[in-house]
Structures are given as C-alpha cells and as structure tokens.
Amino acid sequence: MSLYKLVVFTGPKGSGKSSLIKALFPELGVRFDEPAYYRDYLASGGLAVREVASRAEALELVLTALARWRISVGVLVVDASKPIEGAVDPRFLMIIDRAERRCVVASKVDASENYVSEVRKLAQERGLELFAASPKTGAGIEDLKSWIITGQRREVPEAALAQARVAPPPLLVDLIPVPVRVTHVYQKAPDRSMLTDEEREVLELCDGVRGIWEIAAMTGRSYGEVKKIVDSLVVKGFIATFKTKMA
Amino acid sequence: MRLLVGFIFGFVGFFLVSVEIAKALVRLRKVLQPTVHVLVPQVLFSYLISTVTRERRSPQEVNRELFRLGVWGGSLAMLKLAKPEELARFWPKSFDAGKLGGFIKLFGSAAWYIFAGHMPAIRTEARAPKLVWVNLEESPGGDAFYKVETPEGVSVWYFLAGAYEGATLTSFRMLGEEERFLAMWRPLPGRNGLEGYYALREVGSAEIARACVDADPEFFSVVSWEDSARFAEELLGVKIPPIP
C-alpha cells in the first residue's frame, strides 16, 4: 500500500498541465519542459503528483506500466481555448480510466473564445467530473484542488467560468460593501423602488462578505462598473460602510 | 495596628490617585500634540512603497502605481468620510469659478486636515473658461503619514495626487455631476503640494489638456491623461474622454 495518494495529470501538449500543477501546488518546483515519460512531484498532504508526457511513444510506455500504478485521481487537461476535436488522444482517457476519481479540466478558460461546451460534452460522454480553470486568473483552481484532496467540490463550473471571464482584480485588496441593516422598528429602510435593475442586482449580492471583484465576477461586469453601481448605492443609502479583504 | 491599617489605606489611596493623574496627563499630552500619531501609518506607507518599488522597474513606474493606488484609496476615503448632502450644500448650482473655488478650498482643506493633521494653503484661479486651476501647498513642519523616506526618483506626492483625483471624481459622482465635470491632480513641481483642475467636460479634453500643460509643462510627464483615464475607468468606472 502506497503512502502517497497518486494524482496523475495527462493531456495534449500545450494544454497547460504544468501551469495547472503549479497553480494547484505553488510550493512545487514545477518544470515547464515536456517530461521524457512522466515526472513526479511530492506535494504536501501526502500527494504524489505525476505529469505524463503527451508524446505517442511516451504514452505507449506508460500504458505498459499502467497496471502497477494505483491512481487515486486522474486529471485530463484540455485546452479550452481551441476546438478539442481530434486533440484528445484515446490513450489519455485510458490512463485516467485507471483512477478511482476522474475529471476533465477545461483549462485556459480566461481566453476570449472558449470551447468549454465541447469539453462538457466529452465529460458527459465519459462520465468525468468537469472543471473549468484558469491558472492565469486563478479561476476554478481552489475548487479543483478541493476536489483532488477531499473529493468535495466548492463551486459549479459555471461560477469558475464567470469568474475567469473577468479581468484579474485590479488591486490586492478588495472592498466589501456592507449593506444597511434595519435593526430597530423606528429605523426606516431605504426605498428600493428608487433603484435601477442593475443596482438591485448588485445590492442582492452585497452580503457583507463578498468583495466588489467577486460581485464583478458573478455578474460578468468589470470591477469599475460594479464600483460605480456600489457608489451609487452608497449615495442612495443602501450601503452602510466598506470592509477590506485580500482579493 | 490601627496605624498600620491607616498606612496601607493611605498608600493604596495615593497609588490610585497617582494612576488617575497619570491617565489625565496622558490624555492632556495627546490633546496637546500637534498631529495624530503617525508612526504606524508611516511604517505601513513605507512598506507599501517598498513593495511597489520591488515590483516595478523604474521610479516612473513606481510613481504611476502609487498614483493608481492613491486613486483607489481617495475614492474610498471620500465615500466613507463625506456625506452627499454636505457636499451638495456647498456645491454651486451652476458653474461659477468663485463659488467653485470656495468649495474646493473647503473640502480640499478638510480632506488634507483629516489625513495630514494640518491645514494646507489652497489657491484657485480661473485659467480658462469653465476651468478652475488649483494649487495646494502643505504647511511645513507637521508630521504626517506620507512623510517617509523614498528611493531616488520616487515621490509620495504621486500617491497623494492620485488620492485627490480619486476623491474628486468620487465627489462628482456623489453630487450627481459625474457626467458634467472632470478633475485631475498631479504633484506640484518643485514644492510639497498638489496642482490640478476642475473643469466642465464640455470644455473638451484637448482644451483641458492644453490648459494643464500651459500651467505646468510637466503635468502629464509621469502620469499621462490616458493613465488617468485608464485608472478612473478600471477602479471607479468613470469614463474620461481621450484627447482627440
């Protein structure tokens, strides 16, 4: 019985396997050149991370040794910024089929054009868990990491997709708009009828925990657009104050 | 025995009174100090400058980033500290350079006083039709959070100029004047202070930029018009028209 939980990353060349591993496990000294056959890293928490080369001969060799691999988690990484038809070698699927838990990650979802729908179709056909992630913006990374370690998901892929479509936070500090709470019977609640639809939508998301950038990600707006709406809510008396947190 | 008890009570009483006197003296010392305690904000501000300096390649880029951070901070400060109805009370209903100058002096001084702990000298003048030029010069002597050592070529005044720019643009929003007014701030050349303008948008970006350069040829040398526009849109959602 192995002391380590083996997590295998496979997928076409250039799909973003190394970047994804680095984003998931920043403590690892990840190399970005193609491994000869496969490359192992020992991550914290008893995880052994294995990146499999994408060359045909490497895949052939790996398949011959596969029976001896006790794979806990198999991760197929697919570049979702390009059409996936013909890009997914069946041997990638044979490798992750050996795993107890299997997923496909639509990577590079921050690209202006993406083909996540094709990746979703593949996931449905093969019974794979679907993740959308962007090492560049950090979208979906925590969700995937949580699933790899615990088997539990933190968010649905759509949330990661929405998050990936907005630019990264403009600052390391995010502002949390704290809405006005009516705590006394004699305290008059602000009149919501004076709000525009977009103000109402943003106000619904202001829960005293979410920051402006998170709200921007959830609504598909830019940081500046949400800031403008929040400022307007301040002027109209719906936001009591701001708190700060790391973006 | 009675003497010993009396002595102990006397000693405890004297100790308690001494503590109260010491507390009163501490309060008095705090009241008499010329500025608020600035050591912790100074350390944090130094840390910010060090971090930005390490991340950027040139002093110009550091200054530009400090300006950007200032825009964000100034907007937040304006939202937290000013009430729209207070701003509206002193805001001229129509463009009047004299009344606008009064507004700028009042709120410009108040903002400076809140953060620096001393009053600045503010001068305003109508430099072009529907454009008010502002010079803000700090009074020497007082300590403040921004009075920290910086690397060669890096100036804390870019942070302060950004803060005034963010605060002013936010005040326009709070007043419902965002679509009518523009403002930009930069460090005052050769002195400790800021310079900038309040103008009606209808003046046109080219005309406003010309007035700025006439007043100070280096006005846009580090933080350009486009930089101001980019930061305003990215951080505040304020749209500033480009120079044609």
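The structure is a predicted model, in which local features need pLDDT of at least 70 and side-chain atom pairs count only at pLDDT 80 or more, while totals for chains, interfaces and linings use all residues. Residues are numbered from 1 along each chain as its sequence is written, and chains are lettered from A and ligands numbered from 1 in the order in which they are written.

Chain A contains nine helices and eight strands; helices (H or I, at least four residues) and strands (E, at least two) are DSSP runs numbered from the N terminus. Of the 247 residues in chain A, 37% are buried. A residue is called buried if 20 or more other C-beta atoms, placed from the backbone, lie within 10 Å of its own, exposed if 12 or fewer do, and partly exposed in between.

Helix α9 of chain A covers residues 223-235, and its end C-alpha atoms are 18 Å apart, in agreement with the 18 Å that its 13 residues should span at 1.5 Å a residue. The expected span is 1.5 Å times one less than the number of residues. After α9(A) comes A:G237, which has a positive phi near 85 degrees.

A:I215 sits in helix α8 (residues 212-219) of chain A. A:I215 counts as buried because 26 other C-beta atoms lie within 10 Å. Beyond its neighbours within four places in sequence, A:I215 is in contact (C-beta atoms, placed from the backbone, within 7 Å) with A:V202, A:L205, A:R210 and A:V226. The C-alpha atoms of A:I215 and A:K227 are 9.7 Å apart, although 12 residues separate the two along the chain.

Turning to the partner chain, 13 residues of chain B are in contact with 13 residues of chain A.

Within chain B, the axes of α3(B) and α6(B) come within 6 Å and cross at roughly 40 degrees.

Note on methods
Two residues are in contact if their C-beta atoms, placed from the backbone, lie within 7 Å. Axes are lines fitted to C-alpha atoms, for helices over the stretch in contact, and angles run from 0 to 180 degrees between N-to-C directions.
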